[in-house]
Amino acid sequence: MNGFKTLAATGLLALGLAASAQAQSYPVDQIHITVPFPAGGTTDILARELAGPLGEELGATVIVENRPGAGGTVGSNYVAHANADGSQLLLTATHHVINPGLRDNLPYDTMEDFSEVALIALVPNALVVHPDVPANSVAELIELAKEDPDGLNFGSSGVGGSNHLSGELFKSMTGIDMLHVPYPGAAPAMTDLLGGHIPVMFDSLPTVVPHVQSGKLRILGVTTAERVSSLPDVPTIAEAGVPGYAAASWFGLYGPAGLPEDARTSLDAALTKLLGSEEIATTFKKLNVEPGELVGSDFETFVADEIEKWQGVVKSAGVELQ
Amino acid sequence: MDLFANLSLGFSVALSPANLLYCLVGVTVGTLIGVLPGIGPMATIAILLPVTFGLDPVAALIMLAGIYYGSMYGSAITSILLNTPGHAASAVVCLDGYPLARNGQGGLALVISALSSFVGGSLAIILVMTFAPMVAEFGLRFSSPEYFSMLILGLTAAAGLSQGSFIKGIAMVLLGLGIGTVGTDLTSGVQRFTFDNWNLADGINFVILAMGFFAVTEIVFNLEQKGRSTLVHTRFAMADLTAAVRSFARMWGAVLRGFGIGFTFGALPGSGPTIATFVAYSAEKSVARDSSRFGKGALEGVAGPESANNSASIAGLIPTLTLGVPGDAIMAMMLGALLIFGITPGPGVIVDEPELFWGLVASLWIGNVLLLALNIPLIGVWARVLTIPYKLLYPSILLFICIGVFSINNRTFDIGLLALFSVVGYVLAKLDFPAAPVLLGLILGPMIEDHLRRALLMGRGDFSMFFTRPISAILLLATLGIVIYVIVSTIQQARQARARDETEVRQ
């Protein structure tokens with residue numbers, strides 16, 4: 001087995017040397033996808049579901065590695081400074097575009113140090129309240145907050161997460177006041193919302209739906225620009241009284257800056273095919289996320305817009321760190 | 001009657017040959033990986049999670065649960081034999097388990113640990129079956145003010161953990177609290193004591209500190225003995241097993257107390273087994289007639305916490321499955337696995353997926369039986385680990401510790417941190433500072449701070465809620481009760497001692 005590997009490697013090396021006058025060939029044998037969050041989270045699960053089909057598509061072994069820490073910064077930093085031959089990729093969440101506004105001492109430049117590969121998936125957030133809150137719609141909630149500015153708290157998974165800033169965006173667009181109460185992760189915040197200890201929260205749709213169905217939470221609206229296909233009766237926050245409001249969580253695939261042209265082309269082609277495939281559609285439906293559609297330069301424009309949007313929200317909310 | 005219908009459904013699912021096999025594989029592999037020093041349940045599940053991806057949801061969850069308590073027990077084995085707690089909850093079992101192993105009673109400690117875990121776990125499973133939804137509802141009444149008061153109660157109760165000098169014990173708690181402040185401040189997001197190093201942004205992981213202070217320090221201490229072994233190995237034969245089971249029969253009180261404490265703490269989302277083991281240990285120490293035996297190899301110091309640990313782990317499934325809210329990081333990983341299979345955990349799980357819920361509950365018990373059946377015959381083998389020549393044993397332990405520490409975050413920085421803690425731990429141990437209180441400070445400190453600040457934030461700075469919210473008030477009253485009890489009994493003891501002195505003088 002080892003002898004065969006050595007032989008194969010020697011053969012590949014010879015091929016490589018022969019081809020070295022031209023560009024180095026892609027794909028490489030092994031592709032590492034860094035997930036900057038712990039194993040078992042949505043980002044991790046997406047990466048593992050993507051690894052198999054992507055590996056088949058490219059004819060390479062795709063390995064998922066978790067490098068958690070500092071709101072995704074540790075893992076992003078690792079990939080930003082990794083070898084840019086297409087063997088090191090990063091799959092990360094909305095944190096990636098929120099961090100530049102939030103932290104002024106990032107060890108990398110979010111726009112300059114990465115090649116944007118593809119928007120992998122989107123997860124709508126929902127605005128939910130405990131059933132004891134006397135508000136049946138977004139408009140009634142705004143009314144309630146205006147009557148009693150000290151009365152409403154909203155929970156989040158931590159300072160600077162997408163469900164914190166969805167709330168801050170809501171506050172700045174409606175001019176109401178709600179006190180932000182951060183928790184160490186979305187789960188403990190959800191527990192306190194179910195127990196009625198905090199009245200309001202923005203959380204991902206898959207998490208809240210079972211509680212809404214059992215009557216333990218009331219859903220007032222979704223944060224996406226358009227209604228969600230699985231819940232056609234739930235209005236968007238934009239149409240329910242806050243025009244222009246949009247704040248989905250999303251997951252993107254990146255490489256280090258300066259990916260070689262053939263790596264870009266192969267990745268573009270593979271992801272365009274995968275994200276449109278029946279297989280990924282089924283898998284993602286199971287995970288309650290929607291496949292992304294943006295690849296390459298379209299995705300790059302999207303990232304730039306998102307960074308600008310969240311920078312504005314962070315500034316108006318006054319949550320800048322350090 | 002529903003219960004019996006549910007149970008027969010559960011057992012019919014769990015006893016199907018395939019699921020039984022997955023359960024056995026999970027328990028075995030979990031034990032084998034968990035027994036490696038420095039590799040706890042968290043790392044074991046992370047390593048083995050992808051293995052379960054190809055299975056159907058029920059089988060996968062059964063296997064994951066098997067891996068979970070297999071690795072918990074594996075962790076306990078190395079904690080007892082080698083003083084290497086791979087998981088916060090197994091730190092406490094080191095306190096008396098390791099002295100037992102050093103006295104050549106490692107086999108006995110392992111039997112007590114296995115049987116206590118089994119009984120504590122089995123009792124917890126019965127309660128989960130009958131009361132899961134009710135317990136979950138009650139757990140929802142706990143918010144930050146209640147958790148704060150509960151943690152204060154836990155801290156007060158666990159104060160008896162320190163041995164030797166009171167001042168040194170307090171100093172070590174403070175050191176632990178200090179180390180606990182490193183990292184991102186939850187309320188403001190500001191980085192504290194990280195010296196602009198991103199590797200410190202999420203604080204210092206418990207396992208790294210425990211490995212440095214407990215395991216590496218112990219290895220260096222043993223090396224100092226120049227060829228003389230501090231670990232005494234004795235053969236473990238059938239006769240020893242019967243003797244061990246007979247000693248276990250005297251542990252009923254400890255096991256039942258451990259179960260009660262474990263179940264209470266485990267069922268609350270957001271507390272978990274760690275605090276339960278600390279509190280169970282202190283409880284045993286305070287009810288014991290002669291508390292000076294603790295830390296030198298008291299069997300109750302193994303039985304109580306081990307029973308509490310397993311019962312808390314099983315009770316921890318209640319919030320995880322019924323509310324879809326994981327009690328700790330390990331449960332969060334199990335939930336993540338459920339999502340992969342397209343099952344959204346939540347209040348509907350028991351009704352919508354009865355096979356999954358009751359199958360899992362039944363397999364929990366079967367898994368515990370398998371664990372016992374697997375490990376009792378193996379105890380002789382585990383105890384023989386100590387006969388491995390030190391020149392082979394210690395380098396391998398160090399290697400595994402480094403792998404374990406690296407696997408937490410995939411970072412070499414953490415290994416440097418381990419080296420630092422090893423040096424600090426060794427120096428402090430030389431100066432007779434006890435290591436357990438540092439762990440207590442490091443684990444409870446950040447939780448207490450977090451809940452206190454959140455409670456005050458939610459109450460807009462009003463302290464009175466700690467006394468006006470009924471559960472919180474009861475917990476604080478209990479704390480006050482413990483403090484008064486300790487003061488009164490100390491005064492009484494001093495008086496009795498003085499009276500004795502006086503009679504002696506007169507004679």
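Predicted model: local features only at pLDDT ≥ 70, side-chain atom pairs only at ≥ 80, totals over all residues.

**Helix packing and the chain interface**

Modeller: B:Leu20, B:Cys23, B:Leu24, B:Val27, B:Thr28, B:Thr31 and B:Leu32 in H2(B) meet B:Ser363, B:Ile366, B:Gly367, B:Leu370, B:Leu371, B:Leu374, B:Asn375 and B:Trp382 in H17(B). Contact means heavy atoms within 4.5 Å. Helices are DSSP runs (H or I, at least four residues), numbered from the N terminus.

Colleague: How many nonpolar, polar and charged residues are in the contact of H2(B) with H17(B)?

Modeller: That contact has 10 nonpolar, five polar and no charged residues. Ala, Val, Leu, Ile, Met, Phe, Trp, Tyr, Cys and Pro count as nonpolar, Asp, Glu, Lys and Arg as charged, and the others, Gly among them, as polar.

Colleague: At what angle do H2 and H17 of chain B pack?

Modeller: About 45°, with their axes 10 Å apart. That makes H2(B) oblique to H17(B). Under 35 degrees counts as roughly parallel, over 145 as roughly antiparallel, 65 to 115 as roughly perpendicular, and the rest as oblique. Axes are lines fitted to C-alpha atoms, for helices over the stretch in contact, and angles run from 0 to 180 degrees between N-to-C directions.

Colleague: Now H6(B) and H13(B). Is their crossing left-handed or right-handed?

Modeller: Right-handed: the near helix is turned clockwise from the far one by less than a right angle. Their axes come within 7 Å and cross at roughly 35°. The contact divides into 10 nonpolar, eight polar and one charged.

Colleague: New topic. How much area do chain A and chain B bury between them?

Modeller: About 3,500 Å², 60% of it on carbon and sulfur atoms. Buried area is the accessible area (1.4 Å probe) lost on being put together, summed over both parts. In contact are 46 residues of chain A and 44 residues of chain B.

Colleague: How many salt bridges across that interface?

Modeller: Zero, by the rule: a side-chain nitrogen of Lys or Arg within 4 Å of a carboxyl oxygen of Asp or Glu.

How values were computed:
Residues numbered from 1 in each chain as written. Chains lettered and ligands numbered in written order. Heavy atoms only, no water. Helix = DSSP H or I, 4+ residues; strand = E, 2+ residues; numbered from the N terminus. Buried area = accessible area lost by both parts, 1.4 Å probe.
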